[in-house]
Amino acid sequence: MSLFDNINFKKLKDGLSKTRTKIVNSISETLNGKAVVDDKTLDEIEEILITSDIGFDTTAKIITQARIRLHNEKNRITTTIIDTVKKELISVLEVENISHQFEIGKYKPFVILVVGVNGVGKTTTIGKLAHNFQIAGLKVLVGAADTFRAAAGEQLGIWAKRANVEIIQKEHGSDPSSVAYDTVVEAKKNNFDIVLIDTAGRLHNKSNLMEELKKIKNVMAKIVPYAPNETLLVLDATTGQNAILQADEFSKVTEISGLVVTKLDGTAKGGVVFQIINKQKIPIRYIGVGEKIDDLQNFQPKLFVDAIFDNT
Amino acid sequence: MFEDLSLKLDKALKKITGQGKLTEKNISDTLREIRRVLLDADVNYKVAKEFIENVSQKALGKEVIASISPGQLITKIIYDELIELLGSSTSDLKINAQGATSYLIVGLQGSGKTTFCGKLAKRLTESGSKVLLVAADVYRPAAVEQLKTLGGQISVEVFALEEKNARKTVEDSLSFAREKSFNTIIIDTAGRLHVDETMMDEVADIKKFVNPSETLFVVDAMTGQDAVNSAKIFNERVNYDGIVLTKLDGDARGGAALSIRQVVGKPIKFISNGEKLDALDKFYPDRLASRILGKGDVISLVEKAQSTFDEKESGKLEERFRMNQFDFEDFLKQIKAIKKMGSLSSLLGMIPGLGNQLKNATIDDRALIKVEAIINSMTIDERQSPKVLNGNRRKRIARGSGTSIQDVNRLIKQFNEMKLMMSRLSKGGLGKSLGNFKFN
Ligand SMILES: Nc1nc2c(ncn2[C@@H]2O[C@H](COP(=O)(O)OP(=O)(O)O)[C@@H](O)[C@H]2O)c(=O)[nH]1
Ligand SMILES: Nc1nc2c(ncn2[C@@H]2O[C@H](COP(=O)(O)OP(=O)(O)O)[C@@H](O)[C@H]2O)c(=O)[nH]1
Ligand SMILES: [Mg+2]
Ligand SMILES: [Mg+2]
């Protein structure tokens with residue numbers, strides 16, 4: 001099923017244009033009309049890629065690939081160079097299962113577990129997802145399995161109200177897996193289509209917290225053996241190279257089926273995902289572009305890559 | 001058995017041996033490697049570039065002590081500069097002698113502001129202040145509840161209004177604090193993006209109104225390249241006094257802190273390293289510098305190398321070379337010094353650039369052990385005047401060291417060649433003696 005086709009590229013661009021213009025202009029100056037790919041240009045492209053958090057190695061690889069592609073092309077003008085790099089970047093993002101759709105309807109309830117480190121936007125993303133599923137006519141139940149952070153339950157409660165969906169929660173400090181369990185039981189009993197489980201932020205290097213995640217997963221599978229259908233890892237676009245370790249470690253305890261990249265309404269580009277996707281072949285599902293309920297968009301490789309250069 | 005080793009050792013040691021002075025050429029590999037290390041640690045592209053350029057310009061022409069390589073020396077210099085740049089570890093907060101002291105806490109969404117407010121309130125309460133927390137985040141769902149919960153945990157009162165108006169909340173909180181004689185006010189604000197004009201206006205306005213004793217900018221240690229943008233704009237708008245670096249209990253390298261220091265020059269006052277309210281610490285620049293450069297491998301190598309071969313000692317040895325007095329005793333000392341730095345293979349593995357090169361080359365540390373065993377089986381007399389080593393003595397040494405007579409002969413022959421050569425060089429690095437020494 002296709003949700004969130006409300007792509008609003010302006011929002012992505014608003015933030016970007018403010019910092020990007022300078023670099024892109026300087027490239028155009030160097031290159032407009034001139035058919036050369038000199039080191040200076042490549043350095044500038046390197047700077048754009050690295051300052052987008054793409055990382056040293058991945059940037060080097062992409063530039064090498066682009067150079068090979070360019071080698072046979074005669075018309076080496078600005079747009080060609082940037083387009084070649086863009087093509088490279090897009091090809092990284094287009095992993096095999098990117099067009100895989102959630103098999104909602106085939107499974108009932110369809111269970112989505114949302115995980116990630118602290119403060120990346122898990123709860124907000126759940127609020128936005130709940131809203132989108134709800135307006136698509138599905139019956140949604142959210143489970144407040146972050147029982148740790150102060151007022152996490154209240155926060156999700158407010159989102160549930162905004163999205164007009166139901167919520168299962170227990171008092172602060174109770175066992176998160178018991179909340180997940182109760183949520184799935186309730187969903188099964190009362191015919192919910194979608195279950196969204198919010199979890200506490202956990203740093204991936206804390207083994208006890210990572211174990212807790214396994215347990216949350218396991219108890220849900222006791223009621224619906226296929227649960228969770230999807231596990232979404234939320235990444236903050238502001239995060240740098242550490243996101244690679246986050247993806248590695250979360251993947252070890254629970255199979256990650258998709259990424260959500262939040263806070264793309266700022267000036268950060270979230271370029272670290274290229275390395276993650278390249279390595280793990282996990283597609284980006286959604287992007288967060290604000291704090292409002294409709295600030296969640298379907299992921300579109302081309303727009304994401306354009307935003308890195310913002311020369312449209 | 002020495003054959004394979006000799007080549008590799010030769011090559012490797014040439015790299016790590018003293019080469020007189022730091023030149024652009026002999027540090028370029030290391031600088032490239034360090035640049036990569038910094039970028040992997042999320043130091044901003046431009047900041048990394050400028051930082052390395054500045055440091056290397058300063059360092060060019062510096063004498064390299066014999067026992068370490070130019071690469072090691074520049075790494076050490078960079079490490080020291082990094083500490084310098086990251087600033088001191090004093091995290092003193094301004095406290096007004098008269099009237100109330102107020103702190104304004106600002107930053108991006110989810111960086112850890114509210115949690116930090118709780119931590120600071122706890123700390124100041126424990127040191128005797130009467131603290132009021134102010135919930136001026138009127139946007140994030142349940143932000144007020146969150147602060148109230150934290151306040152409850154430490155029995156600190158939280159001021160909030162029903163009305164969703166940050167400026168008014170702050171205004172009212174100040175009069176409330178005056179009435180109830182709170183002497184310390186901590187204002188928690190909403191997370192905001194630096195490009196959100198309306199929200200930046202709001203916080204600038206609050207800052208102007210409150211004129212706080214300190215404004216602190218809270219930054220997530222996981223932040224990437226964009227840290228410079230947000231830090232700069234926040235600084236332009238609220239001119240903060242210090243930085244709080246959060247989530248250091250994770251495994252992020254924290255290079256953003258360096259970027260921010262470089263761009264805005266404000267001190268890092270606290271680090272936050274956990275979700276619990278007592279997880280607040282002083283900032284230690286050396287720890288962060290090691291963290292940024294990665295696990296401290298490079299640093300510990302440089303430091304080991306420096307402490308092992310101190311300059312005086314190497315000077316003495318060079319003098320002995322010059323006077324043609326170098327003997328097996330000196331040679332043994334050298335081998336022991338190398339061993340003190342760890343095994344030869346792990347030593348080489350620690351050097352940036354070299355590790356990769358030697359990935360498939362297994363250095364046989366046993367070769368050195370064998371040489372050492374042979375020398376150990378010599379008498380003091382024999383070590384000091386190798387001339388006395390006749391056939392019988394050599395046989396005895398071979399037996400004593402569990403090696404063959406050929407091994408002993410080879411060692412003596414090469415020792416003599418090396419000695420001859422070294423005495424010819426008016427000035428030679430210590431390491432060179434080993435570098436030119438063939439074990440086959
Ligand atoms: N600007 C912006 N802020 C976001 C976005 N997603 C979440 N946030 C904010 O980030 C902060 C942390 O979000 P939250 O959902 O509580 O994160 P969690 O700790 O992972 O559950 C809140 O202030 C959210 O409003 C986004 O896409 N853009
Ligand atoms: N592991 C860890 N988590 C932290 C730290 N500081 C804050 N957090 C967590 O980060 C998330 C966001 O913190 P919060 O104080 O709400 O951030 P705010 O949006 O800036 O107010 C919460 O889950 C906090 O528990 C820290 O130093 N270490
Ligand atoms: Mg949450
Ligand atoms: Mg907050």
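**Ligand shells and a helix pair**

Modeller: By class, the shell around ligand 2 has two nonpolar, 15 polar and five charged residues, where Ala, Val, Leu, Ile, Met, Phe, Trp, Tyr, Cys and Pro count as nonpolar, Asp, Glu, Lys and Arg as charged, and the others, Gly among them, as polar. This is a predicted model, in which local features need pLDDT of at least 70, side-chain atom pairs count only at pLDDT 80 or more, and totals for chains, interfaces and linings use all residues. Residues are numbered from 1 along each chain as its sequence is written, with chains lettered from A and ligands numbered from 1 in the order in which they are written.

Biologist: Which residues are the closest to ligand 2?

Modeller: Among the 22 residues that surround ligand 2, the closest are A:Asn118, A:Gly119, B:Gly112, B:Thr114 and B:Thr115, a residue being near if its C-beta atom, placed from the backbone, lies within 6 Å of the molecule. Ligand 2 lies between chains A and B.

Biologist: Why are H7(B) and H8(B) called roughly parallel to each other?

Modeller: Helix H7 (residues 166-179) of chain B and helix H8 (residues 197-210) of chain B pack at an angle of about 15 degrees, with their axes 10 Å apart; axes are lines fitted to C-alpha atoms, for helices over the stretch in contact, and angles run from 0 to 180 degrees between N-to-C directions. Angles under 35 degrees count as roughly parallel, and H7(B) and H8(B) are therefore described in that way. The crossing of H7(B) and H8(B) is right-handed, meaning that the near helix is turned clockwise from the far one by less than a right angle.

Notes. Helices (H or I, at least four residues) and strands (E, at least two) are DSSP runs, numbered from the N terminus. Angles under 35 degrees count as roughly parallel, over 145 as roughly antiparallel, 65 to 115 as roughly perpendicular and the rest as oblique.
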